[in-house]
Amino acid sequence: MMATRGRFLNPWTSPLSVPPLRPQHPTLAEAPKPTSTLRVSPLNQSSPAAANTDIMLSKVKKAITPLSAVRGLHKSALDVVERPAPEETVTSSFGRFIQGVKPQHLSPTVLQRSKRMVLDSLGVGLIGSTTEVFELALRHCQHMYAPDDISSVYGRKNTRLSPTLAAFVNGVASHSMDFDDTWHPATHPSGAVLPALLAISDMLPSNSKPSGLDFLLAFNVGVEVQGRLLRFSNEACNIPKRFHPPTVVGTMGSAAACARLLSLERAQCSHALAIAASLSGAPMANAATQSKPFHIGNAARLGLEAALLASRGLEASPLVLDAVPGVAGFGAFYEDYAPRALPSPDDRHEPHRFLLEEQDMGFKRFPAHLGMHWVADAAATVHEALVGLSGGRVSPGAVREILLRVPPSKYINRPFAESEHQARHSFQFNACTALLDGEVTVQSFSEEALRRPELHALLARVRVEHPADNPANFDRMYGEVVVTLEGGDVMIGRCDTFYGHWRNPLSDESLRKKFRSNAGTVLPQERVEGLIAAVEQLDRLNDCQPLLDQIQ
């Protein structure tokens, strides 16, 4: 099927800045206890929204038509008569889902969980706008592209960029500290989707913004597409080795979410996914570097571009998600890829059930790779016991050896981190920091904290084991910290499920506390509280302008 051809906004690309402030962040001690255990032993013992979508459809018609007159946009896909559907394929079933899903398919559980994701992602993006890597990305966009003041930038009042560049820099901010949400199979779903949807919403005229419910529907479409694609592969269930997942499924999720918010027709939705597949993929070698946050920025940006190109009429493979012998499509990213068609949202015999209904999201309490949270919580329990014995601080001189029992994963096994980005991806650094301080916080990754002599004294005593029963899988792994003291006693801390994991999710109170700490680094208190209120009532807002008003 050929996509309907037309003309759409050419959203290619503007002035700066706000000084970074240091946050006062919630600590491990303030949070509810994780499911960690401690053993002390003698020497050598070890161890539904039911809303009418016609309102949104009419808004999009009204919104895109005036824009086309002012900026030369294409005729809305809603004004185009649908062509006969092709024979059902996996790819076309995804297009059907993206186009056909409605707000009433979102259960109260999915709505609540997705609003928590939006709130957390906004806070992470706002504190991320204080980082060096975000500043670099923003300046690059301002210096290399012509000004196009349309879409807002996290934490930068009166700074706007083109929709695609705003999606890019806000995506970079979301992952600049590795503080964003994580799901299973492993990916960071929100950072690839939310910046793109905010950019599109800014693009639409003030009297034609999407409703909050339609915004949440598009957001959930983007998250759902990521989860479905990941579940087509057993390889994807493990901590990644080849491709960073957000650069693969995140780009696809961004394209799907944007296609939904733009109300593209079914064939265009499928083409948007196929175009996005050609814009996907980044190697894990760039983990723990300044380039890793660009993975999320590019996923948001390129997914948005894929949807915009599809709206113009660009076509791509109609079988990109199918398993075609001899011709690799999306399966090029996962060797055991085994796709299945999605049921129709309105299928009475096999109704679609959102994955977020079945599995909650993982939210981080401190800004580091998800795997660090297991060893940090395990080490924190040992810290408490050591402080109890000594009546004060932990002395590195009292420690003979530190044994970490962790999953095998090379890129997060870093004995001596040399930068904040490496430290965020080091079992050793995070375990020793929690052992020394009793917690890991935003400040733990400062240059001063990284260079502490007492921290390096502990790091020099660390060795690592990879037990056979501890797989590199965020749903099955554990972290164990075994500390042997000079006097011969052995203390063992173990964490099976940290506080914040999808099996032990942050409470609403803890999530709001994290958000206030993060957002408060760049926004005044009234705007921080305004964002909380806007997100909490997002599914009841007639348009999402109250959300857009608060993020700068």
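Reader: Where is leucine 319 found in this predicted model?

Author: Leucine 319 sits in the loop between helix 10 (292–312) and helix 11 (355–358).

Reader: Why is leucine 319 called partly exposed?

Author: Its relative accessibility is 36%. Buried means under 20%, exposed means over 50%, and partly exposed is in between. So leucine 319, at 36%, counts as partly exposed.

Reader: What makes Leu319, Val324 and Val327 a patch?

Author: They are nonpolar and lie on the surface, with about 220 Å² of accessible area together. A patch needs residues with over 30% relative accessible area, and nonpolar side chains are joined within 5 Å. Leu319, at 36%, is therefore over that cut-off.

Reader: Why is serine 263 called buried?

Author: Serine 263 has a relative accessible area of 12%. The cut-off is under 20%, so serine 263 counts as buried. Its place is the loop between helix 8 (245–261) and helix 9 (266–277).

Reader: What is the phi of serine 263?

Author: Phi is near 55°, a positive value in a residue other than glycine. Most residues other than glycine have a negative phi.

Reader: How do you know that alanine 288 is buried?

Author: Alanine 288 has 5% relative accessibility. Buried means under 20%, so alanine 288 qualifies. Alanine 288 lies in the loop between helix 9 and helix 10. Its phi is near 65°, again a positive value in a residue other than glycine.

Reader: Which peptide bond is cis?

Author: A cis peptide bond joins histidine 184 and proline 185, with omega about -5°. Proline 185 lies in the loop between helix 5 (163–175) and helix 6 (189–203). Most peptide bonds are trans.

Reader: How much of the chain is buried?

Author: Buried residues make up 63% of the 552 residues. The accessible surface of the chain comes to about 20200 Å², and 51% of that belongs to carbon and sulfur atoms.

Reader: What makes a set of residues a nonpolar core?

Author: Its members are buried nonpolar residues joined through side-chain atoms within 4.5 Å. The largest such core has 105 residues. Leu122, Leu229, Leu321 and Phe330 have the most contacts inside it. Helix 7 (residues 212–230) gives the largest share of this core, eleven residues. A second, separate core of 49 residues includes Ala186, Ala287, Leu370 and Leu459.

Reader: Which residues is leucine 229 in contact with, leaving aside its neighbours within four places in sequence?

Author: Leucine 229 contacts Phe94, Val249, Met252, Leu321, Phe330 and Tyr337.

Technical notes: Residues numbered from 1 in each chain as written. Predicted model: local features only at pLDDT ≥ 70, side-chain atom pairs only at ≥ 80, totals over all residues. Heavy atoms only, no water. Patch = residues over 30% accessible without salt bridge, like charges linked within 9 Å, V, L, I, M, F, W, Y side chains within 5 Å. Areas by Shrake-Rupley, 256 points an atom, 1.4 Å probe, with all protein chains shown as cover. Salt bridge = Lys/Arg side-chain N within 4 Å of Asp/Glu carboxyl O. Helix = DSSP H or I, 4+ residues; strand = E, 2+ residues; numbered from the N terminus. Buried < 20%, exposed > 50% of the residue type's maximum accessible area, 1.4 Å probe, protein only. Contact = heavy atoms within 4.5 Å.
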